[in-house]
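Trainee: Could you take me through one part of this model closely, namely the salt bridging and what surrounds the residues involved? I would like the cut-offs spelled out as you go.

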Amino acid sequence: MYTWLLFIFAIVVLILIPFAPQLMRLRIRMLRRLHLNWAANLLESHFQSWVVCFRTLLFVIAAFLLYVGWTQ
């Protein structure tokens with residue numbers, strides 16, 4: 001796989017980290033449209049911890065992509 005493509009994906013993931021709360025709100029809206037109110041209520045009740053978990057996951061993905069890109 002092209003290493004420059006891994007770096008582009010890593011940069012995109014790093015750019016998404018500050019937008020984690022908006023992405024979680026979008027996810028809640030989509031769950032409500034799909035009539036999965038129980039899942040939307042679960043996300044709303046623990047919103048801050050889900051945002052921290054999502055940001056951590058995005059950071060780990062970006063770090064992994066950068067590591068794989070540099071080692072190739």
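Mentor: Happy to. A salt bridge here is a side-chain nitrogen of Lys or Arg within 4 Å of a carboxyl oxygen of Asp or Glu. By that rule, the count is one salt bridge. The partners are arginine 32 and glutamate 44, whose side chains meet at 2.8 Å, N to O. This pair links distant parts of the chain, since arginine 32 sits in helix H2 and glutamate 44 in helix H3 (residues 37-45), twelve residues apart. Helices are DSSP runs of H or I with at least four residues, numbered from the N terminus.

Before going on, a word on the basis. This is a predicted model, in which local features need pLDDT of at least 70 and side-chain atom pairs count only at pLDDT 80 or more, while totals for chains, interfaces and linings use all residues. Residues are numbered from 1 along each chain as its sequence is written, and side-chain values use heavy atoms, leaving out hydrogens and water. The predictor's confidence in each residue, pLDDT, runs from 0 to 100. For the protein chain the mean pLDDT is 93, with 99% of residues at 70 or more.

Buried means under 20% relative accessible area, exposed over 50%, and partly exposed in between (1.4 Å probe, protein chains only). Arginine 32 is partly exposed at 29%, and glutamate 44 is also partly exposed, at 43%.

Now look at what else joins the helices. Alanine 40 is in contact (heavy atoms within 4.5 Å) with Ile28, Leu31 and Arg32, leaving aside its neighbours within four places in sequence. So arginine 32 takes part in the salt bridge and also touches alanine 40, with its own 29% relative accessible area making it partly exposed. Alanine 40 in turn belongs to the largest nonpolar core, whose nine residues are Ala20, Met24, Ile28, Leu31, Ala39, Ala40, Leu43, Phe47 and Val51. H2, H3 and helix H4 (47-71) each supply at least two residues of this core, and H2 gives the largest share, four. A nonpolar core is a set of buried Ala, Val, Leu, Ile, Met, Phe, Trp, Tyr and Cys residues joined through side-chain atoms within 4.5 Å.

The loop between H2 and H3 holds histidine 35. This histidine has a positive phi of about 60° although it is not a glycine, and it is exposed, with a relative accessible area of 68%.

Two further residues of H3 round out the view. Asparagine 37 lies in helix H3 and is partly exposed at 37%; its C-alpha atom is separated by 23 Å from that of phenylalanine 19, 18 residues apart along the chain. Leucine 42, in helix H3 as well, is partly exposed with a relative accessible area of 41%. From leucine 42 to alanine 62 the separation is 20 residues in sequence and 27 Å in space, C-alpha to C-alpha.
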